Structure formats: C-alpha cells, structure tokens
Amino acid sequence: HICNTPIDAFADTYKRMIQKIKALGKKVAVLNLPPLDADKYFAWICRSNNAGNIKKWLGGSAHYIYRWQESYSNAVFEIANTMKVHFVDIRSAFLGIRNYTDYICIDGIHPNQKGHELICKTVNQAYRNAF
C-alpha cells in the first residue's frame with residue numbers, strides 16, 4: 001500500500017507551486033506541518049478497520065505514522081532551503097508546548113481552534129521578523 005500522495009509527487013507539486021508564485025513576482029513563504037498525535041490518528045483511521053492488521057502493517061507501532069508524516073514536513077524545509085524561500089517553522093511551535101496534542105483535533109492530524117491560533121501567532125511573528 002502506498003499513500004495517496006507519495007513524497008516525490010508531494011515535493012514536485014510543492015516546487016511547481018513555488019515556481020509559479022515566484023514567476024508572478026511574489027514573495028513566497030512556506031510552512032512545515034504541525035505534528036500529529038499518532039495515537040489519536042491511529043484510533044481515528046482504525047474506527048471501522050482492523051487495528052491489529054494496520055498496526056502489523058505499520059511494523060507494530062502506531063508511531064510509524066508520526067515518522068512518516070514528519071518526513072513530509074522535513075521535505076518542506078528542504079524545498080524552502082533549496083528554492084530560497086522563507087520558511088515558517090510551525091512544527092517547532094507545537095512541539096515547544098508540553099502537551100501539544102491539546103492543540104490537535106480528535107482525528108489526531110488537524111489543528112483545533114487552539115492549534116489554529118498558535119499557527120496564526122507563529123506566522124504573524126515570522127512575518128514581522130522577515131518582511
């Protein structure tokens with residue numbers, strides 16, 4: 001089984017979008033991904049599936065999901081660095097909070113209201129520092 005958007009396709013699409021925006025003469029800033037809560041996400045995707053089989057496929061640990069998602073976040077950083085665009089590290093803002101999972105929805109992957117407020121604060125600070 002492969003994911004819906006393999007990392008190579010993700011990176012290629014991201015680079016093409018940045019190139020198009022730059023071609024319009026615009027400044028570009030990219031954000032990495034907020035961390036997910038692997039346990040909540042695993043529970044969410046297993047709602048109507050066999051959790052044992054999924055965990056076996058993941059190598060015995062739901063935390064493989066975290067590492068997989070983190071590789072996409074790292075790809076954004078690498079793209080920003082290579083393409084010389086501004087990078088906003090929202091992931092570190094989340095991880096800097098002891099219980100960052102309180103900022104993630106019940107599905108384990110999307111930010112909740114507090115998470116969106118943290119993203120807004122982080123982006124605003126980065127904007128003031130960069131532009």
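Modeller: Two residues are in contact when heavy atoms of theirs lie within 4.5 Å. The model is a predicted one, and the contacts described here are computed from it. By that criterion, and leaving aside residues up to four places away in sequence, Phe 94 touches Pro 34, Pro 35, Tyr 100, Tyr 103, Ile 104, Pro 111, Gly 115, Leu 118 and Ile 119.

Phe 94 belongs to the largest nonpolar core, a set of 18 residues. Together with Phe 42, Phe 94 has the most contacts inside this core. At least two residues of the core come from each of H2, H4, helix H5 (90–95) and helix H6 (113–130). Of these contributors, H6 gives the most, with three residues. Apart from this core there is a second, separate one of 13 residues, which includes Val 28, Ala 75, Val 76 and Met 83.

The secondary structure consists of six helices and two strands, and from the N terminus the order is α-β-α-α-α-β-α-α. The protein has 131 residues, and 34% of them count as buried. Among the contacts with a separation of 6 or more, 68% are between residues 24 or more positions apart. Along the principal axes, the C-alpha atoms fill a box of roughly 50 × 30 × 20 Å. The exposed surface comes to about 8,600 Å², of which carbon and sulfur atoms supply 54%.

The largest pocket holds about 850 Å³ of space. It is lined by 23 residues, and the closest to its centre are Cys 3, Asn 4, Tyr 41, Ile 65 and Trp 68. Two or more lining residues come from each of helix H1 (7–23), helix H2 (38–45), helix H3 (51–57) and helix H4 (63–83). H4 gives the most to this lining, with five residues. By class, the lining has 18 nonpolar and five polar residues, and no charged ones.

Although Lys 84 is not a glycine, it has a positive phi of about 55°. Lys 84 counts as exposed because its relative accessible area is 68%, and the cut-off for that class is over 50%.

Methods
Residues numbered from 1 in each chain as written. Predicted model: local features only at pLDDT ≥ 70, side-chain atom pairs only at ≥ 80, totals over all residues. Heavy atoms only, no water. 1 Å grid on protein atoms, 1.4 Å probe; cavity = no way out; pocket = protein on both sides within 12 Å on 5 of 7 lines; lining within 4 Å. Points joined across faces, edges and corners; volume = space filled by probe spheres on them. Helix = DSSP H or I, 4+ residues; strand = E, 2+ residues; numbered from the N terminus. Nonpolar A, V, L, I, M, F, W, Y, C, P; charged D, E, K, R; others polar. Core = buried A, V, L, I, M, F, W, Y, C linked by side-chain atoms within 4.5 Å. Buried < 20%, exposed > 50% of the residue type's maximum accessible area, 1.4 Å probe, protein only. Areas by Shrake-Rupley, 256 points an atom, 1.4 Å probe, with all protein chains shown as cover.
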